[in-house]
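User: I want to learn how to read strands and pockets in a model. Can you take me through one?

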Amino acid sequence: MRKPKFQSPSGMHDILPEEQKYFQKIYDVVSNIADFYGFGKIDTPVLEETELFSKGIGIATDIVKKEMYSFRTEGGNYLSLRPEWTAPVVRAYIENGMQTLPKPVKLWYFGPCFRHERPQAGRYRQFWQFGFEVLGEKNAVVDAQIIQIFYNILENLKLKNLIVEINSIGDSQCRPYYKKLLSSYFRTREISLCSDCKRRLRENVLRILDCKEEKCQPIKAEAPQTLDHLCEECRSHFKEVLEFLDEIEIPYRLNPYLVRGLDYYTKTVFEIFPEAVGEEGGSQDALAGGGRYDKLIKLLGGKDAPACGAAAGVERIVSLIKNQNIEFLKAPKSHIFLAQLGNLAKRKSLKLLEDFRKARIRISESFGRDSLRAQLSRANRAGVKYALILGQKEALEGTIIIRDMASGRQTVVKLEKVVEEMKKKLKK
Ligand code: HAM
């Protein structure tokens, strides 16, 4: 087949009607849980000042260095399509004076993000995220609750075998020392590192820990681990997070290599994976990721306040729902099909559909077809119980035929009575 002249940009997709039901289901589950836990919904512009991201996420991160869609406006401003929501949410929190609200401020969101990554399965250039942010609270219970919320959402979507991978990357007290240790460890082995890691050694040594290159694995395995070098405060905070998780029986695995790709994190970091895939060993993508970011609000110009949150990728969840053949998403079916013949019947049919809609009874039709036979065969294929037939004669007389599709029996009723009549029949 010849390629159409216009196609969607690489890595970006249409979300077609058959796909929408997954998005809708996820949205419903997320918004119900957000409601239950007292989160308020926030939407921010898709565009923000580029500097918000370079400052917030970190100038040396892959996201900022390579993946942002940035441009200069006619007015001379540098703007970027948001690659994530946390920096914009913090910007909105500061700008809208939410720092004076009772703490913590809890916000959630659901919308598209943009990253110019190499498109592959589970990795898109436009993808949807939902996320939860708790601003203004440092207690470890918040970290555990964020993890619980994401775990619950994924479980409510009937996803099985989920595992939380968790780590603590310390704070400004202990991380500088740990990074020094790491640097000197990797520097003596630089020659054996992949080229990306050689660069990371200069730019952000922590990122070497989540390198997936084969040749770096044995070197990583012997590297000093962050959990052995946390300061007292970070150690006890992390211990508490794990105790809370034990209490609510969320399965987790300590992953000393988990460092995350954004610079704003302090203390807890976590990701949620579908475990079965992970154990098969292939490259796997996280469904959700997040952690604590106690310095970001101040960094972006607000009053010093701790925070914690996470986000999940909607397309990845949809693809897992499909892979696991989860069946909660059958579209509601209509039991009635309206077939019509001739212009007068068509006109009356429009009105009749309205009456059914108001009575909240599902009914399908095929107005584009004129042959009665074609319409009835469509009704048959749709597996409806009843067909309503409005021919020219019926339209003139103000009647309509109800055909029982199983028995083929037909009765004639007055047009204005048909909604009531069908209500009764469907109740039986
Ligand atoms: P992130 O790990 O970069 O974190 O993204 C969160 C989730 O978005 C990932 O786990 C993944 O499911 C999905 N995702 C990321 N990139 C792509 C992509 N190219 N294609 C499809 N899905 C993708 C953040 O964005 C942080 N803002 C999370 C956070 C919130 N931390 C604290 N609060």
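Analyst: Start with a cut-off: a residue counts as buried when its relative accessible area is under 20%. Keep in mind that this model is predicted.

User: How many residues of strand β9 are buried?

Analyst: Nine of the nine, across residues 266–274. So β9 is largely enclosed by the rest of the structure.

User: What should I know about side chains in a strand?

Analyst: In a regular strand they alternate between the two faces of the sheet. Now look at the partners here. β7, residues 162–168, pairs with β9 in the antiparallel sense over seven bridges. Ile163 stands opposite Phe273 in β9.

User: In which sense do β9 and β10 pair, parallel or antiparallel?

Analyst: Antiparallel, over five bridges, with β10 spanning residues 288–292. Ile272 stands opposite Ala288 in β10.

User: Now pockets. How is empty space found?

Analyst: A probe the size of a water molecule is rolled over the atoms, and this shows where empty space is left. Take the second largest pocket: about 300 Å³ of space lies in it. Its lining has 20 residues, and the closest to the centre are Arg175, Lys179, Asp263, Tyr264 and Tyr265.

User: Which elements give two or more residues to that lining?

Analyst: They are α6 (175–187) and α11 (296–299). α6 gives the most, with three residues.

User: How do the lining residues of the second largest pocket divide into nonpolar, polar and charged?

Analyst: Nine are nonpolar, four are polar and seven are charged.

Definitions and conventions:
Residues numbered from 1 in each chain as written. Predicted model: local features only at pLDDT ≥ 70, side-chain atom pairs only at ≥ 80, totals over all residues. Heavy atoms only, no water. 1 Å grid on protein atoms, 1.4 Å probe; cavity = no way out; pocket = protein on both sides within 12 Å on 5 of 7 lines; lining within 4 Å. Points joined across faces, edges and corners; volume = space filled by probe spheres on them. Helix = DSSP H or I, 4+ residues; strand = E, 2+ residues; numbered from the N terminus. Nonpolar A, V, L, I, M, F, W, Y, C, P; charged D, E, K, R; others polar. Buried < 20%, exposed > 50% of the residue type's maximum accessible area, 1.4 Å probe, protein only. Pairing = 2+ DSSP bridges.
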